[in-house]
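These are my notebook entries on one protein chain. I set down what I looked up, entry by entry, with the cut-offs beside each term.

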Amino acid sequence: MLNRFRIGARLGGAFALVLLLLAAVAATGLFGVFTVADTTHEALETDGALAVNAGQVRRLALEGRRYEKDVLINIDTPDRSRGYFEKWSGAMDRLEITLRDGLSLARAPAMKSLYQDALTGLAAYRQDFTGIEERLMAGEFATTGAANRAFSESKAGIYQLEEAAEAIATRAQAELDKLGGTLTSVVESTVTRVVLFAAVALIVAVALAVVITRGITLPLGRALTVARRVAEGDLRQAIVAEGRDEPAQLLQAMADQFGI
């Protein structure tokens, strides 16, 4: 079958097929690299950004609680207490902005619900503690303990905020932790495909090498045998040229030359 094609055409076709398989191997590897890059980029823009946001939510919530305690502790020095309340208000403003940013980043309904819960808790907390601070400035509380007891009666908002903030941080970290498994899966899949294509390319290359080598050496061997018989003066056997390749053309030329 191969003797219908010239040797150059056979070699060119074999090289083209091997190059095609090597290109498939390279394309598979590049596809895997781009997939890892895209997955990482997407994770950093979503899960990573959400994890950072969750950390800020937790930090600002704790910062607000610290300023809350400073407001109550400094009940005997109204100016200092008021200063801490302003810091508390600033922290709460930043916390609200951060929560709304996180809400826009969240994709999962469960995470969006947590951010909504946190915003609801923050609104209640701000209203409750602002009322306590106003009563404190009016001189209604004689001691820190009295103010704290009054505030303890309406802490549902801060509890809701703290629970939601903790849940946001935990869930965001869990989603970020999944990135490692996702990237490992993509890398393993890419390596498997590359190894598979490389193995196929190697098998095909070896098979082509064997077939093409035999397709060249065997006809040349027959032509050499015929040439030796002719050189020895043996013109009894007819020269049979099969195919269109160079060995067949050589045999046909010898048959035409000697008329056998």
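**Entry 1. Val 226 and its surroundings.** I began with Val 226, which touches Ile 239, Leu 251 and Met 254, leaving aside residues up to four places away in sequence. Contact here means heavy atoms within 4.5 Å. I note that the model is predicted, so that local features need pLDDT of at least 70 and side-chain atom pairs count only at pLDDT 80 or more, while totals for chains, interfaces and linings use all residues. Residues are numbered from 1 along each chain as its sequence is written, and side-chain values use heavy atoms, with hydrogens and water left out.

I located Val 226 in helix α5. Helices (H or I, at least four residues) and strands (E, at least two) are DSSP runs, numbered from the N terminus. With a relative accessible area of 10%, Val 226 is buried. The term buried means under 20% relative accessible area, exposed means over 50%, and partly exposed lies in between (1.4 Å probe, protein chains only). I also looked up a C-alpha separation: Val 226 and Ala 238 are 12 residues apart along the chain, and their C-alpha atoms are separated by 9.4 Å.

**Entry 2. Gly 221.** I found Gly 221 in helix α5 as well. Is Gly 221 buried or partly exposed? Its relative accessibility is 33%, so Gly 221 counts as partly exposed.

**Entry 3. Overall form.** I counted secondary structure next: the protein has 6 helices and 0 strands, in the order α-α-α-α-α-α along the sequence. The C-alpha trace spans about 135 × 25 × 20 Å along its principal axes. The radius of gyration is 41 Å, whereas a compact globule of 260 residues would have one near 18 Å. This radius is taken over C-alpha atoms, and the globule rule is 2.2 Å times the number of residues to the power 0.38. Of the 260 residues, 34% count as buried. Among contacts with a separation of 6 or more, residues 24 or more positions apart account for 78%.

**Entry 4. Nonpolar cores.** I then looked for nonpolar cores, that is, sets of buried Ala, Val, Leu, Ile, Met, Phe, Trp, Tyr and Cys residues joined through side-chain atoms within 4.5 Å. The largest has 38 residues, and Leu 99, Tyr 115 and Phe 129 make the most contacts inside it. At least two residues of this core come from each of α1 (7-73), α2 (78-105), α3 (109-137), α4 (144-152) and α5 (156-231). Helix α3 supplies the largest share, 10 residues. Leaving aside residues up to four places away in sequence, Leu 99 touches Val 57, Tyr 115, Ala 118, Leu 119, Leu 122, Leu 161 and Ile 168. Another core, of 7 residues, lies apart from the largest one and includes Val 230, Ile 239, Leu 251 and Ala 255.

**Entry 5. Aromatic rings.** My search of the whole structure gave 8 aromatic pairs. Rings of Phe, Tyr and Trp (its six-membered ring) pair if their centres lie within 6.5 Å; planes under 30 degrees apart count as stacked, over 60 as edge-to-face and the rest as tilted. Tyr 125 and Phe 129 form a tilted pair, 6.3 Å centre to centre with 35° between the planes. These two residues are 4 apart in helix α3, and therefore separated by about one helical turn. Both Tyr 125 and Phe 129 are buried.

How do the rings of Phe 129 and Phe 151 lie, and at what angle are their planes? Their centres are 5.2 Å apart and their planes are at 65°, so the pair is edge-to-face. This pair links distant parts of the chain, with Phe 129 in helix α3 and Phe 151 in helix α4, 22 residues apart. Ring pairs join Phe 85, Trp 88, Tyr 125, Phe 129 and Phe 151 into a cluster.

**Entry 6. Helix α4.** I listed the buried residues of α4 as Ala 147, Ala 150 and Phe 151. Seen down the helix axis, they fall within an arc of 95°, so they line one face of α4. The arc is that of the directions from the helix axis to the C-beta atoms.

**Entry 7. Glu 63.** Lastly, I placed Glu 63 in helix α1. Glu 63 is buried, with a relative accessible area of 13%, and touches Ala 91 and Arg 94, leaving aside residues up to four places away in sequence.
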